[in-house]
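Q: I am new to this structure and would like to learn how to read one of its helices. Could we go through it step by step?

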Amino acid sequence: MGTYDDECVEVFLRNQSQLFREEVVSNLEEAEAFLEDCMAVVCQGLEEVKEYFEESGMDISEMDDQEIEEASEVFTLADGRYLIVEG
């Protein structure tokens, strides 16, 4: 796969319902294309997620780490990285 590794694409495909009410992709190729189209971001850790949100203008000052991890646009990857998909 291209820009996003297998882990990113598979996690998004499997968990897309946390962000969308209806299925937006049905296979790995569609999932990767969707991530590319919406310019999803891969962060190396929670601190990078916080930096991304702050730079995007999101006020996360009242959110604790767990709330940030549970945000609908944050997908937790098995290796400690995070995928941020804005719908």
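A: Let us begin with a term: a residue counts as buried when its relative accessible area is under 20%, and as exposed when that value is over 50%. Please keep in mind that this is a predicted model.

Q: Which residues of helix α2 are buried?
A: In helix α2, which spans residues 28–37, the buried residues are Ala-31, Glu-32 and Leu-35. Seen down the axis of α2, these buried residues fall within an arc of 95°, so they line one face of the helix.

Q: Which exposed residues does the face of α2 turned away from its buried side carry?
A: That face carries Glu-29 and Asp-37, both exposed.

Q: What do the buried residues of α2 pack against?
A: They pack against α1, residues 6–15, and against β3, residues 82–84.

Q: How should I read the packing of two helices?
A: Two packed helices are described by the angle between their axes and by the distance between those axes. Here α1 and α2 pack at an angle of about 100°, with their axes 9 Å apart, which means that α1 is roughly perpendicular to α2. The contact is formed by Cys-8, Val-9, Glu-10, Phe-12 and Leu-13 from α1, together with Leu-28, Ala-31, Glu-32, Phe-34 and Leu-35 from α2. Sorted by class, the contact of α1 with α2 has eight nonpolar residues, two charged residues and no polar ones.

Q: What is found at the N-terminal end of α2, and what follows α2?
A: The N-terminal end of α2 is capped by Asn-27, a side-chain oxygen of which lies 3.1 Å from the backbone nitrogen of Glu-29. α2 is followed by Met-39, whose phi is positive, near 55°.

Definitions and conventions: Residues numbered from 1 in each chain as written. Predicted model: local features only at pLDDT ≥ 70, side-chain atom pairs only at ≥ 80, totals over all residues. Heavy atoms only, no water. Buried < 20%, exposed > 50% of the residue type's maximum accessible area, 1.4 Å probe, protein only. Helix = DSSP H or I, 4+ residues; strand = E, 2+ residues; numbered from the N terminus. Arc of directions from axis to C-beta. Contact = heavy atoms within 4.5 Å. Polar contact = N/O pair within 3.5 Å; in protein donor to acceptor, adjacent residues only side chain to side chain. Axes fitted to C-alpha atoms, helices over the stretch in contact; angles between N-to-C directions. Parallel < 35°, antiparallel > 145°, perpendicular 65-115°, else oblique. Nonpolar A, V, L, I, M, F, W, Y, C, P; charged D, E, K, R; others polar.
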